[in-house]
Amino acid sequence: MIAPRHLIVLTSITMVDLAVGLAALRFLPARVPMHWNWQGQVDSYGPAWTAALILPGCLVATAVLLALVSWLMPRPGNSASRPTIYGRIAIVIFLAFIALHAALLRAAQGHAIEFPTVAMVTAGALCVVLGNWLGKLRRNAFAGIRTPWTLANDVVWERTHRVGGRLMMGYGFAILLFALLTPAWASLAVILGGALAGVVWACIYSRRQFIRLQKPV
């Protein structure tokens, strides 16, 4: 499902992030910030290793899982036409988590980092990039807008992802705007409300497209 060259990139950036986390352990205090409330204030602390190694550890486990899936599972014929898209999506998601890890390490070292804002900006940028690629995904059971109707029909899949990609990009820009201009609770409300609206829209739109295609001409 993911091309070997993309697996190499994923492995490389994951190992670099893990090495940075291990090196940072020498410079972190015994207790570091680990959680922020909806007002952007630290409300939970943990041992230094949690800030240094949890995110890299999750990336290592994910990279191993992706490699196993790509090796063990045969590629469906309808997804083989654009094999690079899945690798690009994985790389961008990994880079987003590495950006969050960098911000977490900076906050752990005592720098004035508004981690909730960084997380919101990262999420918004990720949605913009992924939305731009959404329309290039072919029908599959792993990535994309997977409703019973998109999975049942290639045309419904393509139409839903073409429109959904534009909506996702708009959603990402809205998150960026709110993250930079409003308190953390407002941008969080946009993320949660937008995600819920997106799920409802995807179900309604794909079902309507499926029904429309079933009607006799």
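W49 is partly exposed, with a relative accessible area of 48%; partly exposed lies between buried, under 20%, and exposed, over 50% (1.4 Å probe, protein chains only). The model is predicted: local features need pLDDT of at least 70, side-chain atom pairs count only at pLDDT 80 or more, and totals for chains, interfaces and linings use all residues. Residues are numbered from 1 along each chain as its sequence is written, and side-chain values use heavy atoms, without hydrogens and water.

W49 belongs to helix α2, residues 48-72; helices are DSSP runs (H or I) of at least four residues, numbered from the N terminus. Together with L22, L25 and I54, W49 makes a nonpolar surface patch of about 360 Å². Patch residues have over 30% relative accessible area and no salt bridge, with nonpolar side chains joined within 5 Å; a salt bridge is a side-chain nitrogen of Lys or Arg within 4 Å of a carboxyl oxygen of Asp or Glu.

Two pockets follow. A pocket is an open set of points on a 1 Å grid, where a 1.4 Å probe fits, with protein on both sides within 12 Å along at least five of seven lines; lining residues have an atom within 4 Å of a point. Volume is the space filled by probe spheres set on the points.

| Pocket | Volume | Lining by class |
|---|---|---|
| Largest | about 510 Å³ | 19 nonpolar, 2 polar, 1 charged residues |

I89, I93, L130, F142 and A143 lie nearest the centre of the largest pocket. α3 gives the most to its lining, 6 residues. In the second largest pocket, α6 provides the largest share of the lining, 8 residues.

Technical notes: Patches are made of residues with over 30% relative accessible area and no salt bridge: like charges are joined within 9 Å, nonpolar side chains (Val, Leu, Ile, Met, Phe, Trp, Tyr) within 5 Å. Accessible areas come from the Shrake-Rupley method with a 1.4 Å probe; for residues, only the protein chains shown count as cover. Helices (H or I, at least four residues) and strands (E, at least two) are DSSP runs, numbered from the N terminus. Ala, Val, Leu, Ile, Met, Phe, Trp, Tyr, Cys and Pro count as nonpolar, Asp, Glu, Lys and Arg as charged, and the others, Gly among them, as polar.
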